[in-house]
Every structure is written in structure tokens, then in C-alpha cells.
Amino acid sequence: MAKKLMKGNEAIAAAAINAGCRFFFGYPITPQNEIPEYMSRELPKVGGTYVQAESEVAAINMVYGAAGAGARVLTSSSSPGISLMQEGISYIAGAELPCVLVNIMRAGPGLGGVQPAQADYFQATKGGGHGDYRVLVLAPANLQEAVDLTQLAFDLADKYRNPVMVLADGMIGQLMEPVEFSPYHPAFALPPKDWATTGTAESGGRRRVINSLYLYPDELENHVRAIYRKYAEMERTEVRYELYDCDDADVVIVAYGTTSRIARSAIEKCRRLGLRVGLLRPITLFPFPFAAFDRVVDRTRAFLVVEMSMGQMLDDVKIAVAGRRPISFYGRTGGIVPTPEEVVKQVQTLLGGPGA
Amino acid sequence: MKTVYQKSAGLTGVPMHYCPGCTHGIIHKLVAEALVELDVLGRAVAVAPVGCAVFAYEYFNCDAQQAAHGRAPAVATGIKRVRPDNIVFTYQGDGDLASIGMAEIVHAAMGGENITVVFVNNAIYGMTGGQMAPTTLVGQPTTTSPLGRSRLGQGAPLRVCEMLATIEATAYIARVSVHSIPRLNVAKRALKKALQLQVENKGFSLVEVLSTCPTNWGLSPVDALRWVEQNMIPAYPLGVFKDIEGGT
């Protein structure tokens, strides 16, 4: 299929429909409004349903109901709205339902601002709501990857019966790039949804119950342990990352999403100055690519973490590096996107000079 | 021998956890019988609330989803939009529906969602131990209004049926009681009607059922039934508040 120039938010929405998503429940919030707008326009054309909920709280619970009824279902929002959804996401993880969530991050805390940020990393990767659970988090750095990961997100959600989040920011959501859509095929064989509540007439009388309530502590502990076995499996098989120019790198920049694009530009500038710099780009934020650091740690002198936050992924990098090399951090927040020049300057400071 | 009465096939037979004298069990039975008599049990999906009826998914003999507190109408909306041929009903208490879930119930009604809501009003938070609800009567003592609910500051009963009946896209809104056998028969007819309207794709239907809470009211089961008649019904008049088919 030919390449199409699309806006990030619309590309994500189109990818969801391409992957067979026919249900969207959401609530307006900047900077992700093109997703619900696209869905409201395009879903009816393919026999799908768009519902504008009264709040993000309602939207995520509609997702719960639809996912429990066996549908491929999407919701999208931006940071404050995703905060409102956390209760529902916890229930969805607890009830083991598949769904895809898109967070087009904006700056916080509170109402914050509408400019791009990466300050929801903790919330996305460490649970976010109450209780022991995780959401599988995919972080695209360009629009083709946003399309591919959005489609994969539905397969992963079905495979693990767990929410999968596409975590991007206002920059990815609003920029335009050429994208290509191929006919969708599941990335792997998907399990049947024989647990969905479609009525006992369809199940030969076997009752299906979607539930996260376990009043007996031993039952609940067993349930949580079973969920964590899925997370262990994700850690074994779903880790995704990219290494760029790391073979000879004295400094390895660690960045995801928008900041990884800036890091890439900074690396080109550094290389022209004779500074050997590479990029380790996590694509899955949970599971985090801890083992990827083992591949570069011996050759590099230092790590530089760049985020549009006050340092959140930084904690996972510290765990991964485990004291073997120094780690520096450069972050901008409040909706400010760092420039490649700022990152180059950080590298120069780290290496003790303007260039080789 | 001729069978004159038996447990409804709409119930699983799991022993219910409700307190002695509580009318939740009766209301479950009426809903179950209505589902069976309309021949929709096999395509019914129940949505259980948070509150005393949280285990409704154990009792109704159909598929079920347990919802977060107050969110049952949103969950039901999700199910119904995916599976319009299923008969989807929520079973919610007054704390769940009229307090924390007020936005969800109003918007499900506003949107004309083709679901049925069984709203059990006992004027108190039962599960958590008898706290004040939006439906608590003025002067009624609870564990969080020990001197009795005061009109100023704590407000007066929220009449859900009257409020929802003002919403254009609703199909059927009725309030019934189960404190006597004749009333129980009326309640059953209302529940059947509400579910039948869903079968006919007529839109949102809600039946409020006045219910007892002997434990938290501090009354015997018999006195609790009398309390419904003498105190609740004057505050919550019984009747049909909306019927798109024109009945009242």
C-alpha cells in the first residue's frame, strides 16, 4: 500500500481500525482529540461504534464492559484523563481483560499544560492505579512505529488478557509523517475469548463472570500471583528496544519516544564533532529492557538519560546499570521539548571538552 | 404431585449472604423470574454493583460482570454496544447509583442506552455498616448522621425516578415496593415490562425497588416492612414516572 501523510493521532486511530478494533469509548482532551474525532467519523463506516462518554471515568468502564463482552476496544486520552481512568485500569487488569489505551502525554502535574511531556512514565509503568498489577507499555518514536505498535498492542492485549498502553506525547500526536498500512494479520496465534460474557445460550450453559473481587486472602494472593506469572512471561518475551551507534560509544544516551528523536539528532552532531555517542532506546517501557544495558555497559564510559520530565525512567536506568557506570540526567519539563544542541552540550560536559 | 412453586431457574441456588429480613433476596427472585418468563435468561448479562449486592454475579444464573462502585451503567453500555442482542441489566443500590454513580446513571438515561436498571433503594449504605446515603430520610439516624439526617447541610432524599423521568430519551421509569404481596406482584410486572422494553429496543428502563435494611435500621424484619410503608413510601411515592408506551 502507498504511503500516506498523516497526523500522529489519526495514524494511531487508523491503525486501531486496521487491527480490527470496532469500539471506541472516550472523552475529549487536548492534545489527543484527533483520535476520538477520527473514530467517530471512521468507525461507523466499518460497522463499528463510537461512544462519547460523560467522563474518562465512564469511558474506561465502558471499555471494561466491551472488553468483557469480547470486543477489541480502544480508548485514548491525555495525562489528566488517564489519571481519572486509573481505577478502571486496575479493575481491567484485575479482571484480566484485554484492551488498548493510548496516552498522548501533556505536561503536569494538575491541569498542567497542553504541550508535550513524558512525566507519566511512573504512572504508566509502575501500575498507576491501586493494587499489584502492571500495564504493558509501548513507546513509539515515529508515526510508522506508532502504527505498528498500536496494531501489535491489540495482539498483546489479547495474548495476555491485560491492558496495553501506547504511550506517546503531544509531539508524536500532532506531528505529520508518511505512514504505510499493510493488511493486518495477528502477530501470533491468539487465544479464543471463551471467557467473554456473551450469554449462557452461547456457552452451553456455562456461566462466564468478569470479576476482580476475591474476599479470601489466599484466593486473592493466588490470583495476583497468576497475573504476575503473565508479567514474568512479558519480561521474557516482549522486551523491545533499539541500539543505535552504540558499538564504539563513550556515552550512551537513554531516551524513548520524542526525546529519542532529539537524541538521534544530537548524536549526529556529536559524531561530526568527533564525539562517540550512541542511543539505547527502550520501545517497551514495561517490560523495561534491563538486559539491553548489559550489551553496552562494558564499552561505554557513561550513560546520559534524557527525558521530558524531572527524571522518571532514570530510576529504571539506575536499576539496569546497577552502579557499573555513572549516569547523568538531562530533563526538561512543563511542556518544553529539549533541543539537540542542549543534549550535545550535556555530552560535551560529560566527556570534558567540546570535541575530540 | 403437582409442583405449585419452585426456585426460579434464573437463580443459581448459591446460598445468599443477605441479612435476615433483607428484601434483596425477594428482588433477586423477581428479576430472575422475569428473565425466565420473558425467555431471555440465556442471553442475559448481569452487571453487579459495589455494595450489598456485589455478589449478584454469584446468584443470577446468567453471565455477569462485576463493576466498579457506581460504574455499572457504563459497564452495561460497553456490553450492550458490543452485543446488542444480549439483555443487559444492572443491579445497583442507592449508594452505588444515587451517590458515586450519579453521573453514569444520568448519562446512560440521557443517551437512551437500551439497558435495564434495577435500583434497590433502602435509604442507607448497608454493606459498609449503615452510613448516610443521598436517599436517607430527613431525621433518619445513621452511623454518619447519628442525630438524624438534617435537611440543612446533609440535605433531603434524592428522588431518582422523578429526576430521570425528566430525561427525554428514557423509555420506562417506575418505583415499586416489595413490602407486601400485592406490591410484590406490581413490582414483578414492572421488572418484566422494563426488560420487555429492552427486548423491543425501546431504550433505557429503570425500576426503583424500595427495600429494607433491618440490620442497619435497627428494626426486626416485620417492623422494617412496616417502616417502608409508613416512612419510605411517603418520601418515595410509588408509581410509573415515564412510559413511552403511554401507560402510567
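**Notes on a predicted two-chain model**

1. Let's start where the chains meet. Strand β9 of chain A (residues 209-210) is joined to β2(B) by two bridges, and these strands run parallel. One of the pairings puts A:V209 with B:A64 in β2(B) as its bridge partner. Please keep in mind throughout that this is a predicted model.

2. Turning to chain A, you will find an open sheet of seven strands in the order β3-β2-β4-β5-β7-β6-β13, with mixed pairing. Its edge strands are β3 (49-52) and β13 (284-286), each of which pairs on one side only. From one strand to the next, the twist averages 20°.

3. Within that sheet, β6(A) (residues 136-138) and β7(A) (residues 163-169) pair in the parallel sense over three bridges. Here A:L138 stands opposite A:V166 of β7(A). Helix α7 of chain A (residues 143-160) packs on the sheet and touches β5, β6 and β7 of chain A, with its direction at about 160° to that of β7(A).

4. A residue worth a look is A:I104, which sits in strand β5 of chain A (residues 99-105). Is A:I104 buried or exposed? A:I104 counts as buried because it has 30 C-beta neighbours inside 10 Å, and the cut-off for a buried residue is 20 or more. Leaving out residues up to four places away in sequence, A:I104 touches A:N9, A:P31, A:Q32, A:S76, A:S78, A:A168, A:D169, A:G170 and A:G173. Among these, A:G170 is 66 residues from A:I104 in sequence, yet their C-alpha atoms are 5.6 Å apart in space.

5. Chain A also has an open sheet of five strands, ordered β10-β12-β11-β14-β15 and again with mixed pairing. At its edges stand β10 (241-244) and β15 (327-331); each has a single partner strand, so one side of each is left without a neighbour in the sheet.

6. The bridge partner of A:Y241 in β12(A) is A:P282. Helix α10 of chain A (residues 257-272) packs on this sheet, touching β10, β11 (251-254), β12 and β14 (302-307) of chain A, and its direction makes about 165° with that of β12(A). Helix α12 of chain A (residues 313-321) lies across β11, β14 and β15 of chain A, at about 160° to β14(A).

7. Back in chain B, strand β6(B) deserves a point of its own. Seven of the seven residues of β6(B) are buried, so the strand is largely enclosed by the rest of the structure. B:F204, B:L206, B:E208 and B:L210 point one way from the strand, while B:S205, B:V207 and B:V209 point the other way. B:E208, one of the buried residues, stands opposite B:R175.

8. Which strands pair with β6(B)? One is β4(B) (residues 116-121), which pairs with β6(B) in the parallel sense over six bridges. In that pairing, B:V118 has B:V207 as its bridge partner. Another is β5(B), joined to β6(B) by seven bridges and also running parallel.

9. Finally, have a look at helix α10(B) (residues 221-235). At 1.5 Å a residue, its 15 residues should span 21 Å; the end C-alpha atoms are 20 Å apart, which agrees. α10(B) also bends by about 35° at B:V228. B:V228 is one of the buried residues of the helix, along with B:A224, B:L225, B:W227 and B:M232. The buried residues of α10(B) pack against β5 (170-177), β6 (204-210) and α9 (214-217) of chain B, which brings us back to the enclosed strand β6(B).

Conventions:
Residues numbered from 1 in each chain as written. Chains lettered and ligands numbered in written order. Predicted model: local features only at pLDDT ≥ 70, side-chain atom pairs only at ≥ 80, totals over all residues. Helix = DSSP H or I, 4+ residues; strand = E, 2+ residues; numbered from the N terminus. Buried ≥ 20, exposed ≤ 12 C-beta atoms within 10 Å, placed from the backbone. Contact = placed C-beta atoms within 7 Å. Pairing = 2+ DSSP bridges. Expected span 1.5 Å × (residues − 1). Bend = angle between axes of the 7 residues up to and from the residue. Axes fitted to C-alpha atoms, helices over the stretch in contact; angles between N-to-C directions.
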